[in-house]
Amino acid sequence: MADFNEMNVVDTIEETDKKCPQCGGVMDFNPATGGLKCPYCDYEQAIEKPVKESDKPKKAAELDFASAEFTENCDWGVATKTVLCKACGAESVYDAMETAAVCPFCGSNQVMEANEKNTMAPGGVVPFSISDKDASERFKQWIRKKWFCPRLAKDSAKAKRFKGIYLPYWTFDTEGSAHYTAQYGIDHTHTNSKGETRVETNWHNTSGYYERFYNDELVLASNQHDSKMLHGIEPFDTENNKAYKPEYIAGFVAERYSLGIKDAWGDAQKSIRKKMNNEISSKIRTEHRADHVRSLNFSPQFDAVTFKYLLLPIWMSHFIYKDKVYHFMVNGQTGKVHGKIPISIPKVVLTVLGVLIALGLLYYFVLS
């Protein structure tokens, strides 16, 4: 049987190995300008030709979900591929999920074809607008505000080299609607002759209809990363995307999707249903000036479902404190930071004691 790597030889895309016209160095995407920049002589070059104000760059197209050709998950497992560098001809072996990297032999950017057999190519990309230096500063500001983080950790928490990566996401648009039934409660306070009060809730039945357009419901299309940490750096301005061009991911790592749109849409429906539950409850409270809502039942219907396959920018890094590694992420578009930090137990104990003492003093002076 032939070796898997020999069966899956991939060429890099020529557009992403741009040589600097001044010094011959390989140009990378520059988050500050949205163009290409030479890291050696600082020469810059636009990705797109200047356009008129009325002729803005195209965005990712909304695709009809019902007509999607490839809907299943992709189990890449431990599959690898051999990549042929157009610059020096060297062969490199990468994880099958990667679609962008840097040649370890000559430093050239390597962006492979974004789709392969039975997979979909990205429709758009949200380019990095935060540089690695900016991400480092955002991290320093973030960790300084963490009260329970030990001071020594804050002083020594110097982020290791940042890794810029584009992660795959699906976004879904849909017209959501539902007929609902529920009960709402209105509180009434009663006071007896002794001045004692009690609250009584009167419950009433209600029903109605709710509809709303849900735009760009976001679903992570990878199972390789900490999803809770990624949720912590949301939201992304997915409307501010650009139609996919390999130049945008030059110099970064990019990952292809493993979660197909069929299962992704299932996750999106669960998320939208939770939002509808909260929104309908809020609607009932407002309409009836209610204090409570219970027994809410509805069956949502989703019409005119469309989707986009986007690559979103993430900075990843870590720091070490007392021989333990703490990972964190920075949103490459907004600069929002989220991650794990060490916790100072003495600070937690002192804070709890302080709160208890304050409550005790309040009780003594107000109620005694």
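Predicted model: local features only at pLDDT ≥ 70, side-chain atom pairs only at ≥ 80, totals over all residues.

In general, strands of a sheet pair through backbone hydrogen bonds, in either a parallel or an antiparallel way. Between E11 and E12 there are 5 residues, and the two strands form a hairpin. In the turn, glycine 195 has a positive phi of about 85 degrees.

Now for the charges. Side chains of opposite charge can pair when their charged atoms come close. Glutamate 200 forms a salt bridge with arginine 198, with 3.3 Å between the closest N and O atoms. The glutamate 200 side of that pair is partly exposed, at a relative accessible area of 31%.

Further along, arginine 212 and glutamate 279 meet through their side chains in a salt bridge of 2.9 Å, N to O. Arginine 212 belongs to strand E12 and glutamate 279 to helix H5 (residues 261-288), so this pair ties together parts that are 67 residues apart in sequence. Arginine 212 counts as partly exposed at 31% relative accessibility, and glutamate 279 is partly exposed as well, with a relative accessible area of 21%.

Since glutamate 217 lies in strand E12 and lysine 275 in helix H5, the pair ties together parts that are 58 residues apart in sequence. Is glutamate 217 buried or exposed? At 6% relative accessibility, glutamate 217 counts as buried, while lysine 275, at 35%, counts as partly exposed. There is also a network in which salt bridges with shared partners join Glu62, Asp216 and Lys308. The total for the protein comes to 10 salt bridges.

To place this in the whole: the protein has 6 helices and 18 strands. Of its 368 residues, 42% count as buried. Among contacts with a separation of 6 or more, 72% are between residues 24 or more positions apart. The protein exposes about 21000 Å², and carbon and sulfur atoms supply 51% of that area.

An open sheet of 3 strands has the order E2-E3-E4, with antiparallel pairing. Its edge strands are E2 and E4 (44-45), each of which pairs on one side only. Strand E3 (residues 35-37) pairs with E4 over 2 bridges, in the antiparallel sense, and leucine 36 has glutamine 45 in E4 as its bridge partner.

Glycine 25 sits in the loop between strand E1 (9-11) and strand E2 (28-30). At 9% relative accessibility, glycine 25 counts as buried. Apart from neighbours within four places in sequence, glycine 25 is in contact with Lys18, Lys19, Cys20, Cys38 and Tyr40. Proline 39 is 14 residues from glycine 25 in sequence, and the C-alpha to C-alpha distance between the two is 7.6 Å.

Conventions. Residues numbered from 1 in each chain as written. Heavy atoms only, no water. Helix = DSSP H or I, 4+ residues; strand = E, 2+ residues; numbered from the N terminus. Buried < 20%, exposed > 50% of the residue type's maximum accessible area, 1.4 Å probe, protein only. Contact = heavy atoms within 4.5 Å. Areas by Shrake-Rupley, 256 points an atom, 1.4 Å probe, with all protein chains shown as cover. Pairing = 2+ DSSP bridges. Salt bridge = Lys/Arg side-chain N within 4 Å of Asp/Glu carboxyl O.
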